[in-house]
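Visitor: Hi, could you walk me through this model? I'd like to start with charged pairs.

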Amino acid sequence: MTASDSSPDPTETDVLVVGSGIAGCAAALAAAREGADVLVVTKATRPEETTSHWAQGGIATARSDPESFAADVLAASADTADPDAVEVLVGNAREAVEDVLVETLDVPFDRAGDENAGEADFDYGREAAHSKPRILHVDASTGEHVLGPFLAHLGDRERVTIREDTAALDLLTHEGRVHGAVVERDGETDAIFAGSTVLATGGIGALYGTSTNPDTATGDGIAMAALAGATVEDMAYVQFHPTAYAGDEPFLVSEAVRGEGAVLRNAEGERFMPDYHDDAELAPRDVVARAVADEREATGRVVLDVSPLDFAGEFPDLAGKCEARGVDWREGIPVEPSEHFLCGGISVDDRGRTDLDRLFAVGECARTGVHGANRLASTSLLEGLVWGLRAGASAAEAAATGLDHERVEIPDLRDSDPALPDRFADEKFARLRRVMDENVGIRRTPEDLRRATAALRRLKGEVDAYTRTRTSRSLYELRSASVVALLVVRSAMDAEPVGCHALATEDESEGVSANASD
């Protein structure tokens, strides 16, 4: 059946926002402030299903020294970040944080003294590759203290409507302009026409076996934009966080813990980071992640030694997670690198505009140029906030010219009859993750990437054969994942080996498995 057969008249809105993390929320807020009617659609049914909710460390701010903040962002990127984009981030950081997080949402950031004291008494933390303490945080669960109140605030605003459990499947396009999207909920498809569309769909963690992202991070926005013809850049630069709990039910152990003095030790009890970098545990993430991977391979185990600090007192949430999993953090927390953040994505300008008319992208699905080849800790929430506010305002301005969708054709999407084979999507996702884990991880070789390309092309061909005859959310998520995985691999074949994208040495290449997990 077509979308028009399965639903009433198409929905219309001034601004359509796809995604409900901090970037999507910021875009919705800014557009509503400009007087636009805003519809937010999100796959999530609760905040925990968004990547922003999972953010631990906090949100970096410029404080009174924006120059050093900008220098740290550039240094962490190995001088590959766009200086103009960094200036936008740093120059708008203070105002965005004060306006939205402090004044509008009243986020209860930790304070150093009297909880009723002024900004000067915020308990600013320091994380890896930051030269100074500048991280606002709430224990090690900052994301949930930001996102829940943000969604509640939007839910109470006029002009903003939120549709949960709703997945965007395809963009509606005509002659280079985006007119909205086709969405699915409860097996039914609906066309949403919009004056402007903002993609805020998050990252690609679901493409890897171990990730600090929720399973919903399947790269939907990047895939939809790429298939519609938008430019995608820097996809090779996939950041791995060095300290995810290495065990069942993995979780992120915030970089803030190392900022407070925790150290990394291998299975022989040796502290090894000083041998890898002068900044030791506070080196850039790509350096620490590769060091942890090397020491795990060489000795079998790496733990984060939290004995130098009052771990339970300073990080009660993390201590509770350890205890819930039977981990005695006093003996050290077993850690391993885990996929964390995509530095590339849909190419956008300083207002979040893509090269398709009326299409914007913000947050992790966007490539602003701020991160270059490696992201500085605790800048993701800030980037989403700053670009979300700017894109939302620009999207509302663009939408003010009105809708023009009479000639737009709604894709002929069919229902899932015949149904997908049992476990089809699960089995294909497992295969995709094996390919990515084995060939497109912390270190890659040209042969790895060639094997991955061949395997992923076969996988995408199988998925495309099904999408031509039926529609389901799991199938379209699988399509998105296979498209994005190919984009990552193809970018890695040509990208400069710097930052997150590291090539294995000749010795390491000889030890790589030839199994493509086909």
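Guide: Happy to! A salt bridge here is a side-chain nitrogen of Lys or Arg within 4 Å of a carboxyl oxygen of Asp or Glu. This is a predicted model, so local features need pLDDT of at least 70 and side-chain atom pairs count only at pLDDT 80 or more, while totals for chains, interfaces and linings use all residues. Residues are numbered from 1 along each chain as its sequence is written, and side-chain values use heavy atoms, with hydrogens and water left out.

Visitor: How many salt bridges does the structure hold?

Guide: There are 31 salt bridges. In one of them, Arg296 pairs with Glu336, and the closest N and O atoms are 3.3 Å apart.

Visitor: Where in the chain are Arg296 and Glu336?

Guide: Arg296 is in helix H9 (residues 285-299) and Glu336 in strand S13 (residues 333-342), 40 residues apart. Helices (H or I, at least four residues) and strands (E, at least two) are DSSP runs, numbered from the N terminus.

Visitor: Is Glu336 buried or exposed?

Guide: Glu336 is buried, because its relative accessible area is 18%. Arg296, at 28%, counts as partly exposed. Buried means under 20% relative accessible area, exposed over 50%, and partly exposed in between (1.4 Å probe, protein chains only).

Visitor: Which other pair links distant parts of the chain?

Guide: Asp37 and Arg159 do, 122 residues apart. Their side chains meet in a salt bridge at 3.4 Å, N to O. Asp37 is partly exposed at 35% relative accessibility, and Arg159 is partly exposed too, at 41%.
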